[in-house]
Amino acid sequence: MGAVVGLHLAPRSFLPMKAQEELVLVAGKGIVGDRYEKGEGFYSDRPEEGRQVTLFEVETLEALERDHRIRMTMGDHRRNITTRDVPLNHLVGRRFRIGGALLEATRLATPCRHIEQITGLEVFTPLLNRSGLHARILIGGTVRMGDVVEILT
Amino acid sequence: MKLIHHVTTTVVDIRRETPRITVYELADPDGWDLPPFTPGSHIDVFLDDRTARQYSLCGPGSRPDRYRIAVQREDAGRGGSRAIHEGWTLGTIVPVSLPRNTFHMGDGHMGDGAAHRILVAGGIGITPIIAMAEALAGSGARFELHYAARSPEEAAFRDALENGPFSDRVTFHYSNGHDGKGNGGKRAGRLDLPGLLAAAAPGTHTYICGPKPMIDEARDVAEATGRDDIHLEQFGAHATITPGAETAYVVDLARSGGSVEVAVGQTMLDALRQAGVEIEASCHAGVCTSCKTRYLAGSPLHKDLVMSPADRREFVTPCVSEVMGARIVLDL
């Protein structure tokens, strides 16, 4: 069963993401202390109701290294929750539990040049169609490292 | 100016270094680590929507949560340094860019493979050089530092250079003849840059940052000898290395009646935003079409990856696309 292998946040645009042991998700809002919950993210001038939390597959990082010799850490991809063994691209429109929170996947994330600016790595094209997942928070709660992802509907 | 499109910092320390040079330390408002940098990097400091100035990061390498810049007041300059000296106080919010490095030691941090390095600074050109010296000293690499200044009073970071952990590798060259008796560091006469370069042993790389005459002198040596181990940075002349226009052009705004000049190296999107035009953008790569804008005249050089030929006859993506010719008219 898939699980959480990385949790990250940053309080403002451009800042390095820092690893956390847990994230506190607030229903209908975002992650306590994260830039998008505070309205201080690079894209906060284009708020999107379905983009309260972002997820990313650790397998994509492994594929980037295997196929493109691009080394990125879980902090570099700038999504909040990194998972293993969860087919994120299949979850659009579905609900899933993760720790104490209930999420609904809204759409696939798209890569952006912003991440190339920050990392100095040419990752835009290799990340097309595997750049993570956006979700809204239906029920808030705490998500911890190792929490299992339970797909509901 | 939208702070979210910049690295937001606040002034946390101000120290008068010389009568004309003040050192400022910038930090995230929450003390979070700042985007990392390598020695030789600089940042754009935004003074307002239309005004940015470049300053080298002089460290400190030991504090990932701080950027340190040294600003020399130029009363005959364009006004940026004066605005900083007069306007910045503790707590001033300062938007800056991500660090960029156009003066790095080889491919990446200390990747030049040099057996020895000669660092040469002229005047305020000490700013990237001291960051390099600190990094080299920290890694135990061999180097020497030559600092040409008019007088001890006008030499920035003199205390660190005279009394710091690498003071035995520093030679001061004061052009006013002052012997500058100080605590540490050697004293020598006026800097003989061609002589210094000629005497460099094979395997030595030399990094020079200073005013135009110093850079010209070093470039002449490099060109005459064909050497590729001489690395130059003239201060005040950082190239902006964002993708953008290869030739300048003008964007006319049909609805609002204004005109915006797009400079070489700038994107149409950046130029429009700097001129205060609100325009959405997301991927900055010609994929998401958030910035898609109707044009009424002119010939875009489309660089988006997704629009159909029909769309391209009507719309342009200012984030990546350019213009063939001198003008384009947008429906804005």
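Predicted model: local features only at pLDDT ≥ 70, side-chain atom pairs only at ≥ 80, totals over all residues.
Two cysteines of chain B illustrate the result. The sulfur of B:C209 has its closest cysteine sulfur in B:C58, 11 Å away, which is too far for a bond. For B:C319 the closest cysteine sulfur belongs to B:C291, and at 3.8 Å it is also too far for a bond. B:C209 is buried at 2% relative accessibility, where buried means under 20% relative accessible area, exposed over 50% and partly exposed in between (1.4 Å probe, protein chains only). B:C319 is buried too, with a relative accessible area of 8%.

Residues are numbered from 1 along each chain as its sequence is written, while chains are lettered from A and ligands numbered from 1 in the order in which they are written. Local features need pLDDT of at least 70 and side-chain atom pairs count only at pLDDT 80 or more, whereas totals for chains, interfaces and linings use all residues; side-chain values use heavy atoms, with hydrogens and water left out.

Helices (H or I, at least four residues) and strands (E, at least two) are DSSP runs, numbered from the N terminus. Helix 2 of chain B covers residues 126–139. Ten of its 14 residues are buried, so the helix is largely enclosed by the rest of the structure. Among the buried residues are B:I126, B:I130, B:M132 and B:L136. Their cover, counted by contact (heavy atoms within 4.5 Å), includes strand 5 (67–72), strand 7 (116–122) and helix 3 (158–163) of chain B. After the helix comes B:G140, with a positive phi near 80°.

Elsewhere in chain B, five strands make an open sheet of mixed pairing, in the order 14-13-17-15-16; two strands pair if DSSP finds at least two bridges between them. Strand 14 (259–262) and strand 16 (315–316) are the edge strands, each pairing on one side only. Strand 13 (residues 249–253) runs parallel to strand 17 (residues 322–330), joined by four bridges. B:V250 has B:R327 of strand 17 as its bridge partner.

Between the chains, 24 residues of chain B are in contact with 25 residues of chain A. About 2000 Å² is buried there, 62% of it from carbon and sulfur atoms; buried area is the accessible area (1.4 Å probe) that two parts lose on being put together, summed over both. B:I4, B:W32 and B:L98 supply 34% of the area that chain B buries against chain A, more than any other three residues. The two chains also share four salt bridges, each a side-chain nitrogen of Lys or Arg within 4 Å of a carboxyl oxygen of Asp or Glu. One of them links A:R46 and B:E280 (3.6 Å, N to O).

Methods
Disulfide = S-S within 2.5 Å. Expected span 1.5 Å × (residues − 1).
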